[in-house]
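Let's work through some exercises on how side chains pair up inside a protein. Have the sequence and the 3D view ready, and try each task before you read its solution.

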Amino acid sequence: MWRTIVHIFVLLLTSLGVWTIEICKFDHEDDFHGSHVGLIISPMMSKSMIRELEVYWNHPKYRAGSDQIEVYDGDPVNGVKPIFVLVPRSSSGIKSTGIQAEYVPTVNLTFHRQCLKYHVAWLRDGLLRKVNCFETRPNWMAERKNSLGPLRMNRVFIPGTHDSASYAIHQRADREDIFEKYVITQDIDVLAQLIHGVRYLDIRVGHYPGTKEIWWINHGIVQLIPFQNVIDQVKTFLDNTEEIVIFDVQEFPIGFQKNLSIHRQFVKYLEKQFAGYYLPHGTGWLTTLNTIWSAKKRLIIGYDEEQVVSMHDSLWPCVTHQWGNVRTVEDLYRHLNSIETSKFRAYRLTPRSAMAELTPNTWDVILNRLGGLRQMANRVNTNVTTWYATEWQLTANIVAVDFVRSSGIIETAIEWNDRRTSYC
């Protein structure tokens, strides 16, 4: 009933010239409309396993006894035999496969959409009904210029990462050391995140004047990698795609001390490094994606110091981080539900990022009560994916997660951008 009302309303606006859109058509009798089956990579790491493939699914009209999920190391359409078989016992869930995915270095990723070997299929009575693969999405925004172009950033469902540059790359299974446990938030570098489909980067910077590279990526007080490494990765991505990236400098934990001269020095560095890439503030967050594409400058630099932003046209007001500061999955759900159902949500001009991760306190870290960031992400990421695919798919703006490949948030965002703009 509600869908019919929405379609009538949209048709009325279209006839009045308010919108020009094409209403989608779909088969209401198709049991697989709105269903999903996909592959993710577990964030967990041990001496015996790393990058374990997991299957996640959501199929409201699944049929017990008729349905089966299979995983392959190639395209099943070509007759490849399954390497893992699962009989679903519920309409949604996640299942570990025991399969260690091959290590793919960033240098082997391309700037074209590609399946990274592994496929998954939903079969009904032995027939393939839905096929998906573990894939990269380096051009998903540009592929949707017609539908996304008229929108502002606060109206697009954007997949993001939390502490994007706090990454560590492991080729082989190994025991996680104490340093990594509460510091590392991603298992691929920033370029790989962008190639996989991330478009929002949460960046933290430290100032170390006594070192050769004075600007560093930090996670809290921990110094990680030279800032230049991340700049080079972002420029490589922008050079090879037409995508729009939000580069949001959110914290200055070391070496700034509210010193405006240091901020000005850092902004001068950013402007020099990103010359020709960054879009001047101009109309700010009222800017549409079409305007950004027309300007041919597709990097938005957000900055978490209002006084500094007011002094530099290169900087935009930073994205609003919506933290729950919670330690359980149940509390995270309550937090996310409160921000996604808030009546004030629609009136925000600045994009907002739902920070969809657990937050340990000092004693949690000292006593290791939550098991580390990998275990925390393992507990929440598939839940976050399900919540945003089934409850908040129409309200989501930016959703930032740890260990992004262990969630389906990129696929979910792309799918629901399509469905939002086609009113399906």
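This is a predicted model: local features need pLDDT of at least 70, side-chain atom pairs count only at pLDDT 80 or more; totals for chains, interfaces and linings use all residues.

**Exercise 1. Describe the salt bridge between Asp202 and Arg204, and say whether the two residues are buried or exposed.**

Solution. Step 1: recall the rule, in which a salt bridge is a side-chain nitrogen of Lys or Arg within 4 Å of a carboxyl oxygen of Asp or Glu. Step 2: apply the rule to the pair, where the side chains of Asp202 and Arg204 meet with N and O 2.7 Å apart.

Residues are numbered from 1 along each chain as its sequence is written, and side-chain values use heavy atoms, with hydrogens and water left out.

**Exercise 2. Where in the structure do Asp331 and Arg334 lie, and which residues are joined into one salt-bridge network?**

Solution. Step 1: the side chains of Asp331 and Arg334 form a salt bridge, 2.4 Å from N to O. Step 2: both belong to helix H9 (residues 329-340), and because they are 3 residues apart there, about one helical turn separates them. Step 3: Asp331 is partly exposed, with a relative accessible area of 30%. Step 4: elsewhere, salt bridges that share partners join Asp31, Arg63, Asp67 and Arg124 into one network.

**Exercise 3. How many aromatic pairs are there, and what is the geometry of Phe157 with Tyr388?**

Solution. Step 1: the structure holds 18 aromatic pairs. Rings of Phe, Tyr and Trp (its six-membered ring) pair if their centres lie within 6.5 Å; planes under 30 degrees apart count as stacked, over 60 as edge-to-face and the rest as tilted. Step 2: Phe157 and Tyr388 have ring centres 6.1 Å apart and planes at 55°, so this pair is tilted. Step 3: Phe157 is in the loop between helix H2 (145-148) and strand S8 (158-161), while Tyr388 is in helix H11 (residues 373-390), so the pair ties together parts 231 residues apart in sequence. Step 4: Phe157 is buried at 0% relative accessible area, and Tyr388 is buried at 0% as well.

**Exercise 4. What kind of pair do Tyr333 and Trp387 make?**

Solution. Step 1: their ring centres are 5.1 Å apart and their planes lie at 70°, so the pair is edge-to-face. Step 2: Tyr333 is in helix H9 and Trp387 in helix H11, so parts 54 residues apart in sequence are tied together. Step 3: Tyr333 is partly exposed at 26%, whereas Trp387 is buried at 9%.

**Exercise 5. How far apart are the sulfur atoms of Cys115 and Cys133, and which strands hold the two residues?**

Solution. Step 1: a disulfide is a pair of cysteine sulfur atoms within 2.5 Å, and the count here is 1 disulfide. Step 2: the sulfur atoms of Cys115 and Cys133 are 2.0 Å apart. Step 3: the torsion about their S-S bond is about -70°, so the disulfide is left-handed. Step 4: Cys115 is in strand S6 and Cys133 in strand S7 (residues 127-135), 18 residues apart. Step 5: Cys115 is partly exposed at 39% relative accessibility, but Cys133 is buried at 7%.

Terms used. Helices (H or I, at least four residues) and strands (E, at least two) are DSSP runs, numbered from the N terminus. Buried means under 20% relative accessible area, exposed over 50%, partly exposed in between (1.4 Å probe, protein chains only).
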